[in-house]
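The sequence and the structure are shown first.

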Amino acid sequence: MVQSATVELKKSREKLQALVRKGRGSALLMESTVAVDNYFSQCFGESESGQALAMGGHPFSIVALGGYGRREHCLHSDVDILFLFDKEVPDEAGGLIQEVIYPLWDLKMEVGYATRSIPETLEMAANDLHVLTSILDARFLCGMSPIYSAFIQQFRSRFVEGNPKRIVTQINDMCRSRHETFGDASYLMEPNIKNGKGGLRDYHSMYWLSRVLVAAREPRDMEYAGFLSHKEFKRLEEALAFIWKVRNHLHLMSGRKLDQIHFEHQVELAEAMRFRGHTHGQKPVERFMGELHGHMEFIKHHLTLMLTQCTRSTKGFLGRSLLKRSRKAGIISDGGLVNFADPAEVVNRPSLIMDLFEESARLQYALGADALRTIGEFSHLVRGFRRDVTVMKAMERILSTATEKFNVLEKMLISGFLETLIPSFEGIVNRIQYNRYHIYPVDRHSLYTVQTINEFSDPKSELCTLYGKIFGEVQGKGRLLWAALLHDIGKGEPGEEDHGISGARLAKKLLLSWGMGKKKVDDIVFLIQHHLYLVNVARRRDIDDEETVVSCARTIRDPNRLKMLYLLTVADSISTGPKAWNAWTENLLRDLFFKVLDIIEKGELATAKSERCIEKKKQAVLKLVNTGKVEKYLHTMPPRYLLYASVEEIVEHLRLYFMMGKEGVTLSIKKKEGSASRRAEVCGNDRPGLFSKLAGVFTLNDLDILYAQVYTWGYSTALDIFTVKPFFDLTREEERWERVEKNIKEALDGRLDIHWALMEKEFNPAIRKKITISDKPDRVELDNLGSSFFTIIEVYSDDFPGLLFAVTDAIFHLDLNIHYAKITTHVDQVVDIFYVRTVDGQKVIGADAIARVKEAILEAILRMRL
């Protein structure tokens with residue numbers, strides 16, 4: 001019986017969990033491994049089935065595989081075991097499994113076991129790389145050691161000594177496939193710390209390669225074999241200790257095996273890892289994630305180097321005479337790698353470092369491991385040529401080569417060269433912005449922005465169609481690339497200053513010190529300072545208002561600057577992540593760009609062109625529905641609506657108006673093409689509080705509002721357009737929309753009190769599930785300069801059901817009329833914009849009146865949230 005072994009293991013695991021809470025690190029892996037080892041050793045001595053097998057002429061070995069074989073057992077890691085027999089597996093082996101493995105399952109441990117003979121195991125290894133790599137980690141536990149020794153000898157003879165090239169190629173292919181599946185964990189905001197790029201499996205792959213190529217017996221042999229320097233191996237140990245500690249804490253808090261660090265775990269993990277207090281403007285969780293990314297970047301980088309070295313040495317180069325050669329003295333290209341001809345020469349000529357990167361970019365060859373180590377050792381010499389104009393020009397040439405396929409900027413960053421060359425870059429290296437909006441650290445985001453701009457000119461890229469044409473028209477493309485690289489360096493500066501302003505100041509100082517011309521520097525500085533200008537205007541202002549467009553044109557003035565700013569805005573948004581770039585944002589930016597460009601290039605007043613456009617639309621509408629009543633009504637529609645809506649939409653909205661009847665309201669629902677969302681159009685008699693009641697009804701019916709726009713027509717008519725997510729359950733959708741229309745009518749005639757209905761409602765989990773990770777306070781701003789006729793109210797708040805109703809209801813009770821609204825749900829905060837006037841048609845003027853509006857809206861948000 002093995003009961004005593006089970007009791008001891010249970011006690012050991014409880015003790016280990018307590019140690020994790022106390023902050024123990026990688027040493028815990030060994031203690032956890034020893035606890036499981038003791039269980040199997042004790043079982044072997046006490047097992048009645050095991051003794052019967054041995055006495056019956058069926059000796060066996062118990063072998064640890066995988067992570068357990070490497071002595072890397074975390075709290076909830078798998079325990080992979082092989083019961084290894086010599087020539088065949090006897091029928092009685094089932095009793096052994098039941099006696100040894102079942103108690104582990106009772107302890108809720110993840111156990112994978114196999115019962116095989118030596119020939120069967122070797123055959124499986126030949127056909128399954130996962131089996132083969134698990135055997136590379138094999139470790140004898142107990143039983144008959146000669147069986148294990150014979151097995152290992154046959155395995156090495158057949159696979160390692162016989163054909164290591166095949167295994168190296170298979171490991172390389174496996175890494176590539178895994179990375180495609182799990183992504184680059186070294187910068188993703190929710191990294192998989194085991195299977196993603198830079199995760200533990202990358203380290204395992206390094207170890208497997210060393211086991212195959214140099215018969216490594218322990219990780220330290222990677223240093224002795226020259227794959228890592230002594231300094232690099234110590235750095236590897238630090239990285240692994242940190243990641244294993246994180247993994248144990250993750251297992252403890254989730255109560256299961258888990259390798260994906262989701263947002264909901266990150267704050268708690270930061271606390272468990274002893275990250276406390278704000279430092280350099282960063283929260284504890286941002287510093288924790290930044291350090292994790294740094295460690296994972298190191299592992300990813302060295303696996304890449306090792307794979308490059310191993311695959312090139314094993315494949316050979318039959319066509320060496322066809323390989324491209326270096327054009328720079330002191331730089332050699334051999335085997336598809338670039339290296340220093342003589343590393344010692346770097347001391348006398350530090351600019352060789354820049355020559356190396358430039359040749360790597362031109363040839364699209366990777367940097368050799370020795371070259372990268374040399375750069376690391378002599379990085380301090382970069383200061384000697386940092387202000388050399390030839391270096392600046394070389395850097396600009398490198399910027400123009402950065403693509404998804406090959407981006408030497410990454411090696412400049414990893415080696416530490418980039419932050420030495422551009423000191424301000426140091427502040428954004430592995431700098432995390434803790435929200436769902438930014439999926440990359442700031443340094444990576446900057447490199448990908450450069451990369452995205454270069455994609456605009458790639459005929460194979462989806463971005464080439466429109467943006468490629470504009471990029472081709474840009475004069476001075478290098479300016480745009482410099483702005484892309486430096487646009488976020490201000491985020492590394494302490495203080496509350498806008499990062500566009502601080503970044504522009506840092507860039508100006510850097511580029512002028514390099515000897516760059518003033519006109520060129522001025523353009524780059526303008527782009528950096530205004531890199532959020534277009535997207536903020538597009539999202540937060542009425543771009544169908546000619547006043548908005550003229551104001552943009554006056555700010556930018558130059559058409560070439562506008563084109564560069566537009567492309568930078570697009571590349572910045574794309575490189576931020578899918579939450580920042582979508583069809584809605586793309587369309588808004590495109591519309592704004594062409595409107596502003598038209599004014600700048602033609603020098604034409606917006607009003608003249610707008611009037612022609614409106615008149616043209618009116619005539620087109622009259623051709624479709626030519627009645628005196630329609631013509632009269634068209635003249636009452638505001639110009640901004642006629643500019644916004646298409647001819648077909650105007651006709652449809654007129655149809656809704658004529659359908660209102662006595663009840664004074666009509667609802668129309670459309671499915672948006674290419675989207676799961678719905679477009680709800682409400683045409684009704686304008687009355688105080690209409691918009692807030694509509695928003696409340698949608699929320700009451702579990703409809704998540706994505707965007708909303710308000711248009712006020714003549715004859716006291718309002719057209720409110722909402723874009724909403726569809727019902728969570730689409731069965732009987734038509735009936736559900738009928739209920740929405742019924743609720744709208746009840747709310748408008750006073751039979752339904754929206755406020756109390758929302759207070760009493762239990763929201764659908766699909767709506768309530770929104771997790772806010774922002775700690776930004778609610779904020780209300782009033783702008784009386786952005787419009788000549790309206791006060792613009794900007795509301796910033798975390799999203800929750802009922803928010804829009806709370807805000808608009810507060811505006812209604814302040815006796816303010818909403819003439820235009822732009823409701824946008826972003827990632828970390830909602831930004832809701834309202835163009836309002838008082839009931840007598842005036843702006844909100846005076847400090848007391850402005851303060852009253854802010855206070856009322858903030859109180860309404862707080863009441864609804866509670």
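This is a predicted model: local features need pLDDT of at least 70, side-chain atom pairs count only at pLDDT 80 or more; totals for chains, interfaces and linings use all residues.

## Overall build

The C-alpha trace of the chain spans about 105 × 70 × 50 Å along its principal axes, and the chain is made up of 866 residues, 57% of which are buried. Its secondary structure includes 40 helices and 15 strands.

Contacts were also sorted by the separation of their partners along the chain: of those between residues at least 6 apart in sequence, 70% join residues that are at least 24 apart.

## The sheet β5-β6-β7

Three strands form an open sheet with mixed pairing, in the order β5-β6-β7. The edge strands of this sheet are β5, covering residues 331-334, and β7, covering residues 366-367, each of which pairs on one side only. Strand β6, which comprises residues 337-340, runs parallel to β7 and is joined to β7 by two bridges; within this pairing, valine 338 stands opposite leucine 367 of β7.

Two helices pack on the sheet. Helix α17, formed by residues 352-363, touches β5, β6 and β7, and the direction of helix α17 makes about 170° with that of β6. Helix α18, formed by residues 369-377, touches β6 and β7, and in this case the angle between the helix direction and that of β6 is about 45°.

Phenylalanine 60 lies in strand β1, which covers residues 60-65. Is this residue buried or exposed? With a relative accessible area of 2%, phenylalanine 60 is classed as buried, because this value falls under the 20% limit used for that class.

When neighbours within four places in sequence are left aside, the residues in contact with phenylalanine 60 are Phe44, Gly50, Leu53, Leu84, Phe85, Leu96, Gly143, Met144 and Ile147. A separate distance relates phenylalanine 60 to valine 89: the two residues are 29 residues apart in sequence, while their C-alpha atoms are 9.3 Å apart in space.

How values were computed:
Residues are numbered from 1 along each chain as its sequence is written. Side-chain values use heavy atoms; hydrogens and water are left out. Two strands pair if DSSP finds at least two bridges between them. Helices (H or I, at least four residues) and strands (E, at least two) are DSSP runs, numbered from the N terminus. Contact means heavy atoms within 4.5 Å. Axes are lines fitted to C-alpha atoms, for helices over the stretch in contact, and angles run from 0 to 180 degrees between N-to-C directions. Buried means under 20% relative accessible area, exposed over 50%, partly exposed in between (1.4 Å probe, protein chains only).
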